[in-house]
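Have a look at the model first, then we'll walk through it.

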Amino acid sequence: MGIIRGGDAEYENTPLEEMAPRIEETIRQAVHDTTLNLSGKFFSAAETAILARFEPVKTIKSLDLSDNRIGDPELKMLCESPFLQNLEELHLGINFISDGGVAELTKSCLKNLRVLSFNDNRLTDTAIAGLVKSPNLGNIETLILGWNQIGNETAKALGETQALPKLKLLDLERNYITDEGIIELLKGASFTSLEELNLSS
């Protein structure tokens, strides 16, 4: 487990119950109103398990776990937490999430999400196609998918979906979409509310 001390991470084999008070205190200190910023805290399985069962986070609406060690099992814990169902923003950029983790999210009860960031993970077209067509994510206004292994199939799925009627910002930076994909993307009826589209790099 990673503990931040003086900017460095120390890894210890510590039982979960012994770790909990320290991790819970880290969480408390990172809370500002309804925002919880845990970016760069070296959170992995143990820390995420503690976060998911920590009842005080039930008032949190924005959770930033970018630049951590969050993979598919950890995302599953977050999706199943009874205390994170009010989340409106979930930032998971720069982690280790693959298609399996995204599949868990599409089945979860996190139906209030307005902002979802998955930049710089390990996602493919398969995951994103399922994500953008999920009826559980119809409130998404900002979707950040840059720096993943996505291409024309993602563009096609975005063009076909009817499940993102509120989408205002779509970030597809540094991807593998070609001219063919752009044509499919811009056919999308879901883009009637779109205000920003990032296709750089």
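In which loop does Trp147 lie? Trp147 sits in the loop between strand S8 (142–144) and H6; helices (H or I, at least four residues) and strands (E, at least two) are DSSP runs, numbered from the N terminus. Bear in mind that this is a predicted model, where local features need pLDDT of at least 70 and side-chain atom pairs count only at pLDDT 80 or more, while totals for chains, interfaces and linings use all residues. Residues are numbered from 1 along each chain as its sequence is written, and side-chain values use heavy atoms, with hydrogens and water left out.

**Positive phi**
- Trp147 isn't a glycine, yet its phi is positive, near 60°.
- Trp147 has 42% relative accessibility, so it counts as partly exposed (buried is under 20% relative accessible area, exposed over 50%, partly exposed in between, with a 1.4 Å probe and protein chains only).
- Ser201, in the segment after strand S10 (196–198), is another non-glycine with a positive phi, about 60°.
- With 62% relative accessibility, Ser201 counts as exposed.

**H1 against H2**
- Helix H1 (residues 16–29) packs on helix H2 (residues 45–52) at about 70°, with axes 9 Å apart; axes are lines fitted to C-alpha atoms over the stretch in contact, and angles run from 0 to 180 degrees between N-to-C directions.
- The two are therefore roughly perpendicular (65 to 115 degrees; under 35 is roughly parallel, over 145 roughly antiparallel, the rest oblique).
- On the H1 side, Leu16, Met19, Ala20, Ile23, Glu24 and Ile27 meet Ala46, Glu47, Ile50 and Leu51 of H2, where contact means heavy atoms within 4.5 Å.
- That contact of H1 with H2 is made of eight nonpolar, no polar and two charged residues (Ala, Val, Leu, Ile, Met, Phe, Trp, Tyr, Cys and Pro are nonpolar; Asp, Glu, Lys and Arg charged; the others, Gly among them, polar).

**H3 against H4**
- H3 and H4 pack at about 10°, axes 8 Å apart, and are therefore roughly parallel.
- Asp72, Leu75, Lys76 and Cys79 of H3 meet Gly100, Gly101, Val102, Glu104 and Leu105 of H4.
- The contact of H3 with H4 splits into four nonpolar, two polar and three charged residues.
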